[in-house]
Number of protein chains: 2
Amino acid sequence: MAKTVVVGSIAFDAIETPFEKTDKIIGGAGTYICFASAYFSNPHAVAVVGGDFPKEYIAKLQNAGVSVEGIQVKSDEKTFFWSGKYLDNMNQRETLVTELNVLEHFDPIIPDSYQGVEYVILGNLSPVVQRQVIERLKKKPKLIVMDTMNFWMDIMLDELKKTISMVDVITINDDEARQLSGEYSIPVAAQKIMEMGPQYVIIKKGEHGALLFHKKEIFYAPAMPLYSVIDPTGAGDTFAGGFAGYLAQQDKTDFETMKKALVVASAMASFTCEKMGTAGIESLSDEQIEERINAFKTLTAYS
Amino acid sequence: MAKTVVVGSIAFDAIETPFEKTDKIIGGAGTYICFASAYFSNPHAVAVVGGDFPKEYIAKLQNAGVSVEGIQVKSDEKTFFWSGKYLDNMNQRETLVTELNVLEHFDPIIPDSYQGVEYVILGNLSPVVQRQVIERLKKKPKLIVMDTMNFWMDIMLDELKKTISMVDVITINDDEARQLSGEYSIPVAAQKIMEMGPQYVIIKKGEHGALLFHKKEIFYAPAMPLYSVIDPTGAGDTFAGGFAGYLAQQDKTDFETMKKALVVASAMASFTCEKMGTAGIESLSDEQIEERINAFKTLTAYS
């Protein structure tokens, strides 16, 4: 089992769905990635929180197997806060509040104990911060997986492209892939994004699954059709965490292993959708995970 | 190889995409279903055309292996005409013209030579006409597959539900399944539709593939990621034709065979999307079809 470094926001979220509404709960890309990848590897978190962030949440991550030395606490500042509302169909959401707070001047610190890491997950964050993390690693990792979103394309495309050129795998949703490449066809968009640097491009399609592109090869992992989607917040982050966590566990980065990792990623993301916030991903048994992964096999198997 | 009866429009289409624009070309649900199912079975067409419909188009269907005795020619009337325009993303289309013409008073005739048929495909048409076809078959078929669309839900829901209660398999797209069931979750919607009669519900998701529901089981067939989508017109009809045609060829209606049929259906639909109108589906070799079906296997296979 190889070591992973996870950079991403650890934050407060307030979520409203047609069914439920939360107060400020623990959230952030880094949190979901850590919880998901901790089932497979030892994630080392790089993040920043404010003095208002409860110590018991950090302890919760630690209990899940996350190394927290790289989580800076700025006691005079406030934790990043995001609030969003899902519309009727749960596929569209509206951002109600974004308070950057501590994230505004986030200067990621890589503790010495994190050095020598082989798997790196760059959660959705400013591409400048993502790049700083890469540059501050003393040894080149085996695999760097990067998640991003349209927001960074809108406000700092050049910085984003620079970071993209330095990673091995990018995960991005279908509309974002279209925006980034200027191509409507997803396979053509993926080819163009591979030309920007990454050898592997993963297109996330939410309830429609995910596609993995590598050279001229394509692999498809469906999403599990869920009878009840409670809260999709963090599903994409969970996906990235499950994907890279599984690769770190196997300590392999070949295309065959990545296929299985894509299925594991989809399985983990499906758990996140079933409960509010991180509740679906915080405390799963190995049996639950194995059972869900097997259900994916059944879903597409035919003779 | 069992006999199939196909009822559906044989019509003129005029199609506009961001890339190309056609004059009046041969189209209609029945045409696509016949072409697709003829690779696997002997489709017996039930349809009506006007005096303006070129005899060489009928001959083309015949050459493809379609029995045409049930195609009525109303020499004083005009053929059904539909015209549509695809918007930039090819997933949304606008109907420009719908001239029902001969379809307005379509009274389907089942020739004696069609009787004893075991597989029936009810292409997207008025549910009243679909039901007339069922009622005019002297022997109960082994399997009735029905395609429909939101238009019939809007204008004759009660008639539609009556027809749905008489079929074994319904194919319907995701938004239509939601409309018909009043449920947003696709698995829940499928369960509700099964309660209306069909033992099998197929949810077509276009570029995102298709789901087959039966009791508590779910099978998923992806759509082939295409580098170039030229014209999706008729893809759903082709899908229904490939699906039922394959079952007729195997002469089996169990869930295992239906899974493979769903993959065959997706493969056939992918050919339709690659060329304008019926051009993609008119003259395929067995090798092309086999190769495409194998590509679907590769797309989701992992170890």
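This is a predicted model: local features need pLDDT of at least 70, side-chain atom pairs count only at pLDDT 80 or more; totals for chains, interfaces and linings use all residues.
Helix H6 spans residues 174-181 of chain A, and helix H7 spans residues 186-195. Their axes lie 9 Å apart and pack at an angle of about 60°. The crossing of H6(A) past H7(A) is left-handed. On the H6(A) side, the contact is made by A:Asp174, A:Ala177, A:Arg178, A:Leu180 and A:Ser181. On the H7(A) side, A:Ile186, A:Ala189, A:Ala190, A:Lys192 and A:Ile193 take part. By class, the residues of this contact divide into six nonpolar, one polar and three charged.

Chain B holds the corresponding helix pair. The axes of helix H6 (residues 174-181) and helix H7 (residues 186-195) of chain B come within 9 Å and cross at roughly 55°. That angle makes H6(B) oblique to H7(B). The crossing of H6(B) and H7(B) is left-handed. H6(B) contributes B:Asp174, B:Ala177, B:Arg178, B:Leu180 and B:Ser181 to the contact. H7(B) contributes B:Ile186, B:Ala189, B:Ala190, B:Lys192 and B:Ile193. The contact of H6(B) with H7(B) has six nonpolar, one polar and three charged residues.

The relation between the chains was examined next. Chain B is superposed on chain A by a rotation of 180° with 0.0 Å of shift along its axis, at an RMSD of 0.0 Å. This is the relation of a two-fold axis. B:His208 has the C-alpha nearest the axis in chain B, 2.9 Å from it. Both copies use the same surface, and 100% of the contact residues of chain B recur in chain A.

The interface itself joins 26 residues of chain B to 26 residues of chain A. Four elements of chain B each supply at least two residues of the side that touches chain A: H7, strand E13 (217-221), helix H9 (255-273) and helix H11 (286-300). H9(B) gives the largest share of that side, four residues. By class, the side of chain B that touches chain A has 16 nonpolar, six polar and four charged residues.

A:Leu211 counts as buried because it has 23 C-beta neighbours inside 10 Å, and the cut-off for burial is 20 or more. Leaving aside neighbours within four places in sequence, A:Leu211 is in contact with A:Ile186, A:Ile203, A:Ile218, A:Tyr220 and B:Pro225. Among these partners, A:Ile186 also belongs to the H7(A) side of the helix contact, and B:Pro225 comes from chain B. A:Leu211 and A:Arg131 are 80 residues apart in sequence, and their C-alpha atoms are 25 Å apart in space.

In helix H3 (residues 127-135) of chain A, the residues A:Pro127, A:Val129, A:Gln130, A:Arg131 and A:Val133 are buried. Their cover includes four strands of chain A: E1 (3-7), E4 (42-50), E8 (119-122) and E9 (143-147). It also includes helix H4 (150-155) and helix H5 (157-164) of chain A. In chain B, the buried residues of helix H3 (residues 127-135) are B:Pro127, B:Val129, B:Gln130, B:Arg131 and B:Val133. The cover of H3(B) includes strands E1 (3-7), E4 (42-50), E8 and E9 (143-147), together with helices H4 (150-155) and H5 (157-164) of chain B.

Two loop residues of chain B are exposed. B:His105 lies in the loop between strand E7 (93-99) and strand E8 (119-122). B:His105 counts as exposed because it has 10 C-beta neighbours inside 10 Å. The C-alpha atoms of B:His105 and B:Ile172 are separated by 25 Å, at 67 residues apart along the chain. B:Pro18 is placed in the loop between strand E2 (11-16) and strand E3 (25-27) of chain B. With 12 C-beta neighbours inside 10 Å, B:Pro18 also counts as exposed, since the cut-off is 12 or fewer. Beyond its neighbours within four places in sequence, B:Pro18 is in contact with B:Tyr86 and B:Asp88. B:Pro18 and B:Lys216 are 198 residues apart in sequence and 41 Å apart in space, C-alpha to C-alpha.

Terms used: Residues are numbered from 1 along each chain as its sequence is written. Chains are lettered from A and ligands numbered from 1 in the order in which they are written. Axes are lines fitted to C-alpha atoms, for helices over the stretch in contact, and angles run from 0 to 180 degrees between N-to-C directions. Angles under 35 degrees count as roughly parallel, over 145 as roughly antiparallel, 65 to 115 as roughly perpendicular and the rest as oblique. A crossing is left-handed if the near helix is turned anticlockwise from the far one by less than a right angle, and right-handed if clockwise. Two residues are in contact if their C-beta atoms, placed from the backbone, lie within 7 Å. Ala, Val, Leu, Ile, Met, Phe, Trp, Tyr, Cys and Pro count as nonpolar, Asp, Glu, Lys and Arg as charged, and the others, Gly among them, as polar. Copies are superposed by least squares on the C-alpha atoms of residues with pLDDT of at least 70 in both.
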